[in-house]
Amino acid sequence: MDEKEFYETTENSNENESLIKVTGMYKDWFLDYASYVILERAVPAIADGLKPVQRRILHSMKDLDDGRYNKVANIVGHTMQYHPHGDASIADAMVQIGQKDLLIDMQGNWGNILTGDRAAASRYIEARLSKFALEVVYSPKVTDWQLSYDGRKNEPVHLPVKFPLLLAQGAEGIAVGLSTKILPHNFNELLQASVAYLKGKKFDLYPDFQTGGIIDVQNYNDGIRGGKVRVRAKISVRDKNTLVIHEIPYSTTTSSLIDSILKANDKGKIKIKKIEDNTAAEVEILVHLPNGISPDKTIDALYAFTACESSISPLGCIIIDNKPKFIGVSEMLKISTDTTVSTLKKELEYRLQELENQWHYASLERIFIENKVYRLIEEEETWEGVLKAIDDGIKPHIGHLKRPVIEEDLVRLTEIRIKRISKFDIDKAQQRIEALEEDIAAVKHNLDHLIDFAIDYFNQLKKDYGKGRERKSEIRTFDDVDAKKVVVRNLKLYVNRAEGFVGTSLRKDEYVCDCADIDDLIVFTKSGKIQVVKVDSKVFVEKDIIHVAVFKKKDTRTIYNAIYKDGKLGTSYIKRFAVTGVTRDKMYDITQGKTGSHLLYFSANPNGEAETVTVVLRNTGQVKKLKWELDFADLQIKGRGVKGNIVSKHNVLKVELKEKGVSTLKPRRIWFDETVLKLNLDERGRLLGAFRGEDKLLIINAKGESRTVIPQMELHFDQVPEILERWVNNKPITAVYYDPEKARYFIKRFLIENENKEDNFVKESGELIYVGTEWRPVLEIEFVKPRGADPLPNKVINVEEFISVKGYKAMGNQLSDKKIKSIRLKESLPYEVEAEEAIEEIEVNQPEALEEGDAPQTKLDF
């Protein structure tokens, strides 16, 4: 059939049918579909914190619950009576609930959230409801019910969850037009926050992840859209060639983490030797480093270039009254807590109704039997007569009842067996009624003091189930990692000075240094030009390059010394300056920019060294003094744009280096920020002192491990060290430790013997009690009070007289065999420290003036 015949046939067959437009229908269908995905698939309800599939799984597990484990495949099949979707989606959702380790008691291989291993097939694994779920999630008598999708079963509209379950488990889902990402929070902290809210106190909530790690919650913003949580792996230094990753960031696995590290190594961002994954119940990834690679720098590089650090953006979207709403986690907790209080009230009211009904019937039963009303029905021949006889018989005795007697009550009295009447005990009946009255009074008291009852309920949950649910993610403030400072420089930089090219592909030309592809280069030319360019295979700057190096932004310690001629026949000037920030690819002048200006002398000094030079003038017969010396130390360090001081108005023949100088910069003042556990130069935290280039930092931790290091800002600390200060090589260290093998306390004094090695001055089984670095300390020792005896007097020891300085391996002198409660420094005796040679302190000044069109010195605008 051709196309024409087809259309003729179609028209004939449909000539009696009307034309239907589908445009509006499609519009309605899409809206219905979007609403369905939002409400029934992706977004949890605030009422119980569950998505529909999760709610139906838990309802099915309650249906099947008999205290024993059920095959997950069986639970999945049962859930399909309520959930109109495939078994795979139900099984996956159930595994996710189980891996939260809160509602489901699991048996078998349920996968591993650390390694990313999947769970075994549902026919091989089993599950049952946890005790916590049975107590908190279910309460059929106060549950609202609805028909299932096919009308054959009843299912809960919402489960009466009496706990902020949504915040404890977290939730993530993508719907049509919106998504949600609610991060999990700590079990105990949620209960504490609920109690605080009920007491009218403020509370703060921060995420807590099962994988642990370190989190920075400065920008969490209560989990509202636009917030951010930075998550890092917990990494420690085992030795100078080995790093250990103990905990991993949320949403990563050991496999994905290792892959990211290997990719960074392949790209040359970091340098590692090999990786070992020893993860079992806990994470342990060993990162082996080649010789000569700094472990502290590598840790920062792992954070900068791998999945060891990630950023998570929460988005608090939940269903309230069948509509999606965006709210913060504090508001979610308040709504959840209010819902819990409301559910507890319903349960108490239902319980009160049950108790009052029991009391009412128990009282009627006693009246019926005690007053022998049952004998009045012996002569009655009709059912109505029986009921009337009972009603007439109990009327004189029902004045104390709390509600009227109805026909149902009379019918129940007729159902009492003769055996029960014959064995009726009035005293026991009265005791039961009194017990019911006590229970009724207790329930009424709880209803009258509902908030106090709810607070007790939350506290009891914490007591019963909070053990072992302590916070796993450590909250800490992060310092930003400067990728340029920690990247491995795996490229070689070359320069063709005459032609003016720099790059990594000029292998036949002069080698300059190692660099990385993310570095910037600073280039100086003979004509007095400066330009900052990106590392590339080949870049042209200007002919006659005299200096090229890796550029460090905001570097105030690298000082450039220059003498230049202003114009072809102009005056010569001398200047010292730092280049702290420029615009990339823009050309700047060291000179005043006149035609013919050029450099007569130039040097770059990484520590602000100031040399002495000899200036030689051209002999024209008009100048008496043709040669003299200039010391750059006599000049102040100023900005790049300053003119400088006059050297001579006459023609300079040459400038020669006479003597190299020392640094004229003052020692760096270094601080330690205990919040982020990092060194800094920004006056944050505790001042450690002023450090010269050769000075080292003394670090002693609580394990009795000591080392001296150059104070680099990349240094990492797992915890606040016991001692962290500028190292003085002849200053003795005093330590008191407990030896469990000898059951004695010992004291020792020693000096650091190996500058470049970590030493342990306390044996592995020992416990460090006190460590200090005072020259002449006096210690006061407080002892633990002996059982059944008077307290021991405090002991004061002049350490200098008690023990002399020995080697760090020495055991030391026995201090006491009595149990020590505490040791404190009572005083430090006077000691005259040799005066250190003063260093001329010259401040690095900001530029006094910027040339027209120059960028501000503190800004590097790329």
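Predicted model: local features only at pLDDT ≥ 70, side-chain atom pairs only at ≥ 80, totals over all residues.
Buried means under 20% relative accessible area, exposed means over 50%, and partly exposed lies in between (1.4 Å probe, protein chains only). Residues are numbered from 1 along each chain as its sequence is written, and side-chain values use heavy atoms, with hydrogens and water left out.

**Overall count**
- The whole structure holds 43 salt bridges (a side-chain nitrogen of Lys or Arg within 4 Å of a carboxyl oxygen of Asp or Glu).
- Side chains of opposite charge can pair when their charged atoms come close.

**A buried pair**
- Asp48 and Arg55 form a salt bridge, 2.7 Å from N to O.
- Both of these residues, Asp48 and Arg55, are buried.

**A link between distant parts of the chain**
- Lys162 and Glu347 join in a salt bridge, 3.3 Å from N to O.
- The two residues are 185 residues apart: Lys162 sits in the loop between strand S5 (154–156) and helix H7 (165–169), Glu347 in helix H11 (residues 329–370).
- Helices (H or I, at least four residues) and strands (E, at least two) are DSSP runs, numbered from the N terminus.
- Lys162 is buried because its relative accessibility is 3%.
- Glu347 has a relative accessible area of 22%, so it is partly exposed.

**Within helix H11**
- Arg366 and Glu370 form a salt bridge, with the closest N and O atoms 2.8 Å apart.
- Both lie in helix H11, four residues apart, about one turn of the helix.
- Arg366 is partly exposed because its relative accessibility is 21%.
- Glu370, at 36% relative accessibility, is partly exposed.

**A network**
- Salt bridges link Lys234, Glu247, Glu474 and Arg476 in a network.
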